[in-house]
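Dear colleague,

Please find below the structure that I am handing over to you.

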Amino acid sequence: MASFKGYFFQASILLGMMLFVAPSLARVNVKVTKGVNDICSKTQNPSFCLGVLNQIPGASTADLPGLAKITIDLASSNATKTLQLIKSLVPKATNGKLKERYGTCSEHYDNAIGDLNDAQQYLKTGDPMGANLSASASMDEAGDCDDELKGLPADPSVLKGNQDLNNICSIILVIANLIPR
């Protein structure tokens, strides 16, 4: 009977610890999940945002500056791939106006990549507003490229790249606005 009391006492302590620790862990997980949902609900394309943030390793456990860095890296990668695509299409374009517009889009994407590099630097120095403004400028560059290609037989992959960069930058804007100053 004494060993049963000892076992019961140890089990009670263990259960008490689980009840104390488990709710605080649950709150952390709820906050992370709720945070991603809150972030995405404020973007231009919430379903795109959820798809992106749920696929990025480490996004659900990152703090806001870390999540901003991850998302800026993703935007930079997207912009670089789109720029490479545009540069490959310039020599292949048979439509003179389209060829010219691809050249202009190439310049917009060079600027967008520079803006995203600036955003990373602002983030590193603790200036989320600067990161926000730079991401917004990158977003504008993608929009300008989109405008350049309106009414022309542009490659759909370029148009998708423009939209993706716009959507990713929208995520960056929301995250940067949430980082305490």
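Both cysteine 105 and cysteine 145 are buried. Please keep in mind that this is a predicted model. These two residues form a disulfide, with their sulfur atoms 2.2 Å apart. The pair links distant parts of the chain: cysteine 105 lies in helix α4 (residues 96–124), cysteine 145 lies in helix α5 (residues 128–149), and the two are 40 residues apart. The link of cysteine 105 and cysteine 145 is right-handed, with 105° about the S-S bond.

As a reminder, a disulfide is a covalent bond between the sulfur atoms of two cysteines.

How many disulfides does a search of the whole structure find? The search finds two. Besides the link already described, a disulfide joins cysteine 40 to cysteine 49, with an S to S distance of 2.1 Å. The torsion about the S-S bond of cysteine 40 and cysteine 49 is about -70°, and this disulfide is therefore left-handed.

Buried or exposed: which word applies to cysteine 40? Buried means under 20% relative accessible area. Cysteine 40 has a relative accessible area of 1%, so this residue is buried. Cysteine 49, at 0%, is buried as well.

When the bonded cysteines are counted along the chain, the disulfides of the protein chain follow the pattern 1-2, 3-4.

With kind regards

Methods. Residues numbered from 1 in each chain as written. Predicted model: local features only at pLDDT ≥ 70, side-chain atom pairs only at ≥ 80, totals over all residues. Heavy atoms only, no water. Disulfide = S-S within 2.5 Å. Buried < 20%, exposed > 50% of the residue type's maximum accessible area, 1.4 Å probe, protein only. Helix = DSSP H or I, 4+ residues; strand = E, 2+ residues; numbered from the N terminus.
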